[in-house]
Amino acid sequence: LERQRRLQVPAEYFLLTFTVPGELRPLAVRHARGVYAALFSAAWATVQTFCRNDRQLKGEAGAIAVLHTHSRRLDLHPHVHLVMPGASLDARSRRWRTKTGFLFSHKALAKVFRARLLAALKREGLSLPASLPPTWVVDCKRVGNGDKALVYLGRYLYRGVIREADILACDTCGNGQVSFRYRDSHSGQMKVRTLSGADFLNLLLQHVLPKGFRRARNYGFLHPNKKGLIALLHWVLRIAPRPPADTSRPPLLCPCCGSPMQILRRRIPPATVQRRESVPAAETVV
């Protein structure tokens with residue numbers, strides 16, 4: 001989150017969501033790597049095309065893309081979120097252009113995205129279902145300076161698909177059922193879903209990505225190799241990069257008296273390093 005905040009540019013940000021229809025979800029289960037890679041490429045190619053053809057932008061886009069594979073009920077629901085500034089860089093004329101209020105038509109985005117994704121899946125040699133819906137879902141909304149959207153996406157990157165606190169019951173001695181809570185996307189109310197232990201495990205395992213697959217990606221002028229360009233843009237527009245958020249470590253409380261403890265030293269656990277005299281002392285708290 002700190003790294004992305006340093007790459008933020010002076011423009012209004014938009015959150016675009018590209019969703020795979022239900023007919024393609026079984027294909028995503030069998031060929032996760034190919035389908036998810038095609039989903040990333042099709043979403044970015046669609047945004048890039050619209051940005052280059054737009055009358056106000058007419059340049060290279062930049063976006064931060066994050067893959068989500070589950071709904072709030074933990075069902076398979078692959079979709080890609082793109083946090084994108086309404087801005088572009090024109091390499092030929094060396095111009096920085098911005099756009100506010102309205103970015104792109106979500107209906108036009110959906111049509112182009114559908115064609116690009118189906119073409120990408122065919123290039124992968126995957127057999128498509130016989131019938132596919134003619135209308136797909138792409139959402140595009142304003143998110144201000146992008147802070148809240150980045151926090152929202154970052155919250156799902158380095159944790160499991162469900163918090164342990166949301167698992168309400170796990171009956172290991174009786175019928176082996178698991179109950180967990182979730183917030184309904186339509187009513188906003190908390191609901192409880194109960195499954196057998198095997199079904200619950202299957203629900204979780206279908207969201208495990210292929211080994212080495214990157215869930216978050218940067219494109220265009222927000223790619224990591226464009227840091228110099230972003231720094232130059234900040235200098236030309238006389239904009240100071242956003243300060244990093246407060247990431248101080250929460251205090252460790254003493255289990256006896258409840259007072260905060262102070263870390264004196266840290267070291268790698270001895271089981272993971274070779275024995276030698278230069279190994280520092282273990283982390284000690286007082």
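**Notes on a predicted model**

1. At a relative accessibility of 15%, Arg193 counts as buried, because the cut-off for that label is under 20% relative accessible area. The model discussed here is predicted, and each point below should be read with that in mind. Arg193 is part of strand β9, which covers residues 190–196. Leaving aside residues up to four places away in sequence, Arg193 touches Arg73, Asp75, Val178, Ser179, Phe180, Tyr182 and Leu203. A further distance can be checked on the structure: Ile167 is 26 residues from Arg193 along the chain, and the C-alpha atoms of the two are separated by 9.7 Å.

2. For the overall picture, the protein chain contains seven helices and 14 strands. Its length is 286 residues, of which 38% count as buried.

3. Nine of the nine residues of β2 are buried. With strand β10 (residues 216–220), β2 pairs in the antiparallel sense over five bridges, and here Val66 has Ala216 of β10 as its bridge partner. With strand β3 (residues 76–85), β2 also pairs in the antiparallel sense, over six bridges, and His70 has Leu76 of β3 as its bridge partner. The strands β2 and β3 form a hairpin with five residues between them, and in the turn Leu74 has a positive phi of about 75 degrees.

4. Is strand β4, residues 87–90, covered on one face or on both? Both faces are covered, with Ala87 and Leu89 buried on one side and Ser88 and Asp90 buried on the other. Strand β4 pairs with strand β5 (residues 95–98) in the antiparallel sense over four bridges, and Ala87 stands opposite Thr98 of β5.

5. Arg94, which is not a glycine, has a positive phi near 55 degrees. Arg94 lies in the loop between β4 and β5, a hairpin with four residues between its strands. Its relative accessible area is 78%, so Arg94 is exposed. Lys58 likewise is not a glycine, yet its phi is positive, at about 50 degrees. The place of Lys58 is the loop between α3 and β2, and with a relative accessibility of 43% Lys58 counts as partly exposed.

6. Helix α4, residues 106–123, shows how burial can be arranged around a helix. Its 18 residues reach 25 Å from the first C-alpha to the last, close to the 26 Å expected at 1.5 Å a residue. The buried residues in α4 are Leu109, Ala110, Phe113, Leu117, Leu118, Ala120 and Leu121. Why do they lie on the same side of α4? They do so because they cover an arc of only 160 degrees around the axis. As background, an α-helix has 3.6 residues a turn, so residues three or four places apart point the same way. On the other side of α4, Lys111, Lys122 and Arg123 are exposed.

7. After the helix comes Gly125, whose phi is positive, near 80 degrees.

8. Two or more lining residues come from each of β1, β2, β3, β6, α5 (147–154) and β8 (177–183). Which of these elements gives the largest share of the lining? That share belongs to β8, with four residues.

Terms used: Residues numbered from 1 in each chain as written. Predicted model: local features only at pLDDT ≥ 70, side-chain atom pairs only at ≥ 80, totals over all residues. Heavy atoms only, no water. Buried < 20%, exposed > 50% of the residue type's maximum accessible area, 1.4 Å probe, protein only. Pairing = 2+ DSSP bridges. Expected span 1.5 Å × (residues − 1). Arc of directions from axis to C-beta. Contact = heavy atoms within 4.5 Å.
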